Number of protein chains: 2
Amino acid sequence: MQKLTTQRQAILDVINLSDKHWDADEVATALKERNNPIGIATVYRGLAALAELGLIESIQLADKKRYERASKDHHDHLVCQVCGMIEEFCKTEIERLQEIVAREHGFEIQDHQLLLFGICKSCKTGEK
Amino acid sequence: MQKLTTQRQAILDVINLSDKHWDADEVATALKERNNPIGIATVYRGLAALAELGLIESIQLADKKRYERASKDHHDHLVCQVCGMIEEFCKTEIERLQEIVAREHGFEIQDHQLLLFGICKSCKTGEK
DNA sequence: TTTAATATTGATAATGATTATCATTTGCCC
DNA sequence: GGGCAAATGATAATCATTATCAATATTAAA
């Protein structure tokens, strides 16, 4: 179960194109522009399948899910509320503290998500 | 702007009833059961207004927003993927590290959300 | 207090992301 | 080479949330 079909490879290629955080619609549009249109339902299923295979990663924002290429080390995200830009950061110390919290609660962590919302550097300095 | 109408006070009362994390529909149902039905659109707007006034707090889960009563200290959440239970925890050290990350990126934090997904104590020990 | 401006309510329609349905196609195993 | 399991794609359905809008309530001003 969960095959890497030609459609899913095309989706994977698109996501690996850049370090953008793609939503399903953007992936579908990019595929259309590459003259390889894929049905939107297939895009959704393909993204879910690729994430399950560990070939891409996902973050859940308030309104929609976004996908990015898989990276070696786990990271979390800064989300600019002005321009929508998403930056990444690693902080192993935070991960360690999360484990401590979990232990205190008898909780077994399987996944986590840390989002920092605010204003990014370029929006703060008024750049375009 | 943003008045504390009788409807909004009723919504606030419901949320202050317990330390549950309510979604809009549950609040509307609770109000109906108390013989004080309030239109669902008004419930949504009321919850948003109360959160803006700082009288309640919200967390954004994958599918929906949930509201809880306001607490003195900021806290984050453990979400059990088996039973759906939501626990809270405080870890000021994590908050401090978030600020350090932000400074490193020239980012100004306005809000944040940390969710730990996994299996809670009682689900792990097989309780009911 | 009347009047005017403003915000709220509630029923319902609209939106938007995502999932379900289902007939058709593809790929693989024996 | 037929059959089973999974995938595809068009489209309908779902579900939380927001928009619309007429009716009502509240506040401020005259």
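In what follows, Ala, Val, Leu, Ile, Met, Phe, Trp, Tyr, Cys and Pro count as nonpolar, Asp, Glu, Lys and Arg as charged, and the others, Gly among them, as polar. With that division, the surface near DNA strand C comprises four nonpolar, five polar and seven charged residues; near means that a heavy atom of the residue lies within 4 Å of the strand.

Let me state the basis of the model. It is a predicted model, in which local features need pLDDT of at least 70 and side-chain atom pairs count only at pLDDT 80 or more, while totals for chains, interfaces and linings use all residues. Residues are numbered from 1 along each chain as its sequence is written, chains are lettered from A and ligands numbered from 1 in the order in which they are written, and side-chain values use heavy atoms, with hydrogens and water left out.

Two of the polar contacts (pairs of N or O atoms within 3.5 Å) reach phosphate oxygens of DNA strand C: the side chain of B:Thr5 at 2.5 Å and that of B:Arg8 at 3.1 Å. The side chain of B:Arg45 instead places an N or O atom 2.4 Å from a base nitrogen of DNA strand C.

DNA strand D is surrounded by 16 residues, and A:Thr5, A:Arg8, A:Arg45, B:Tyr44 and B:Lys65 are the closest. Of the atoms of DNA strand D within 4 Å of the protein, 66% belong to sugar and phosphate.

Finally, the two protein chains. In chain B, 35 residues are in contact (heavy atoms within 4.5 Å) with 35 residues of chain A. The chains bury about 3200 Å² between them, 63% of it on carbon and sulfur atoms; this is the accessible area, with a 1.4 Å probe, that two parts lose on being put together, summed over both. B:Leu97, B:His105 and B:Phe107 supply 19% of the area that chain B buries against chain A, more than any other three residues.

Technical notes: Polar contact = N/O pair within 3.5 Å; in protein donor to acceptor, adjacent residues only side chain to side chain.
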